[in-house]
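Good morning, and thank you for the time. Please have the sequence and the coordinates open.

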Amino acid sequence: MRRTSIRAGLFIGALACVVATSSAHAQAPLKMKMTTDIPPGIAIPDTVETRLGTLKFFDGFPDTASVEKLYDNLDFQRAVQAYLLGLAPVSQLANRKGIAEIGPFNSTVPIFEDRMDSKSLFLTPNNNTPYTWFWLDLHEGPLVLEVPPKVLGAIDDMWYRFVTDLGFTGPDKGAGGKYLILPPGFNGDVPTGYFVVRPATFSVWVPWRSFVVDGDPKPGVDLVEKYTKIYRLADAANPPPLKFAHVSGKAFSTLAPADYAFWEYLNQVVQEEPTDTLDPITLGLYASVGIQKGKPFSPDARMKKILSEAAVVGDATARAMNYRLRIKESYFYPNSAWRSGFYGGYKFEENGARILESYSAFFFYATGVTPAMDSKTVGEGSQYMGAFVDLEGNPLDGGKNYRLHLPPNIPVKQFWSVIVYDNQTRSMLQTDQKWPAVTSQNKALMVNQDGSVDVYFGPKAPAGKENNWVQTIPGKGWNTLLRLYGPLQPWFDKTWRPSEIELIK
């Protein structure tokens, strides 16, 4: 009994010594024969106050509670970054799922024959030209796509990377032509007589625009339906018929989820498509949240909770990036709300570095990646700029009235438009107007005596100015894109400048 007491006493004394030593160490480390003074900023205190709460350490070693906090935080941080880097492929999958409702790929071509209107949910489309919008599945082997004349389009892969232009800015130069699209890994013989395309994914998106003639979309749509063909290379001698689906005015959605389902979408793309062309950091972030090619995505309850919150924070962060982008160089003019959606070009890069905020903001807000959308050729292509706040820097309120003044000599070779979008869906604002827009294509547009144009936004049209007015909804926010087709030199040298969007008081 006495021996046990002695041992207990020795243990308690030793423990006290350790505690005292620890405390003394925290105050003033013992100087030993081989002691080297540690430079400042290396050792961590025993207690640290952070945004995660209090973190505790024993001589640099975190306690169990701190380890749990730190790993939860690390997983959350990585999940938010994975979300922002996953916006592009998840948006593409949502786009594909929506179009799949129209009919089977490779045999169905949806056309917005009377232009796209606000009934369909798409990220920031225009309603000035008829879209042809379809997907191809290369699992069947090489496909031939016969592109009609007089269109402007592109091919993007499932990672939302540019593959090739089609039509006016493509190798066919607007004359139309045969494109041979080869699946990833194809190493067979490639016949001559085609524009050869090698995307990095099996699923590719093909959008193009035809153009209205004297306000009529039908001539362009007729050309698309007459000349477009899709068939396997093996069936080139006897191509199967193609179905064209007219979808103007149809209610369907191509919008991506921003909740836990986001991760299921991202996992689907990773599992279905080759990942060898993605960089290791992106793949590492995906893998850190449990999304890795060839492995099941099965997060436990703890990770599901983190991923659900990360999706909310990721979506909120993307909204902050897009609506309050802090990259000053992306704004067209000093102290202006007007900004570009392509800062860093169509690759969103500068000096070889990805401009992460520009990249994520774009794929939250828009669709379509091609050099043609950011071309700097006078009189050719198109230019865009968006406004998300008014003259005073306040969000645009659907219950208030605003005016945009476009000075005389609007610098366009073809036409211009102002289209209003919903802040929630980034789709055309759904009001009583089929097309929430003001455009120079409207022959009834009211032009001022000096050639300038005033555009009005609000719940009710100013008297006599209905053709210059876009309806908005009390309680809903909105934003707008100004598009110039065939922009002229005053646009590029900024000698012509639109007004800010000004609240009418």
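Let me begin with a definition: a contact means heavy atoms within 4.5 Å. Helices (H or I, at least four residues) and strands (E, at least two) are DSSP runs, numbered from the N terminus.

Two remarks on provenance. The model is predicted, so to speak of local features we require pLDDT of at least 70 and count side-chain atom pairs only at pLDDT 80 or more, whereas totals for chains, interfaces and linings use all residues. Residues are numbered from 1 along each chain as its sequence is written, and side-chain values use heavy atoms, with hydrogens and water left out.

First, the overall picture. The protein has eight helices and 23 strands, and its C-alpha atoms fill a box of roughly 105 × 65 × 40 Å along the principal axes. Of the contacts with a separation of 6 or more, 71% are between residues 24 or more positions apart. Of the 505 residues, 48% are buried, where buried means under 20% relative accessible area, exposed over 50%, and partly exposed in between (1.4 Å probe, protein chains only).

Next, helix α7, residues 356–365. Nine of its 10 residues are buried, so the helix is largely enclosed by the rest of the structure. Among the buried ones are Glu-357, Tyr-359, Phe-362 and Phe-363. Against what do the buried residues of α7 pack? Their partners are α2, α6, β15 (353–354), β18 (412–422) and β22 (478–487).

I turn to the aromatic rings. Rings of Phe, Tyr and Trp (its six-membered ring) pair if their centres lie within 6.5 Å; planes under 30 degrees apart count as stacked, over 60 as edge-to-face, and the rest as tilted. The count by this rule is 31 aromatic pairs. Why is the pair of Tyr-83 and Phe-262 stacked? Their ring centres are 3.9 Å apart and their planes stand at 25 degrees, so the pair is stacked. This pair links distant parts of the chain, with Tyr-83 in helix α2 (residues 64–100) and Phe-262 in helix α4 (residues 261–272), 179 residues apart. Tyr-83 is buried at 1% relative accessibility, and Phe-262 is likewise buried, at 1%.

Phe-162 and Tyr-346 form an edge-to-face pair, because their centres are 5.5 Å apart and their planes at 75 degrees. Phe-162 lies in strand β8 (residues 162–167) and Tyr-346 in the loop between α6 (301–323) and β14 (349–350), so the pair ties together parts 184 residues apart in sequence. Phe-162 is partly exposed at 24%, and Tyr-346 is partly exposed at 25%. Ring pairs also link a cluster that includes Phe-112, Trp-133, Tyr-359, Phe-362 and Phe-363.

Finally, backbone angles. Most residues other than glycine have a negative phi. Lys-150 has a positive phi of about 60 degrees although it is not a glycine; Lys-150 is found in the loop between β6 (143–147) and β7 (152–157) and is exposed, at 53%. Arg-426 also has a positive phi of about 60 degrees. Is Arg-426 buried or exposed? Arg-426, in the loop between β18 and β19 (437–439), counts as buried at 12% relative accessibility.
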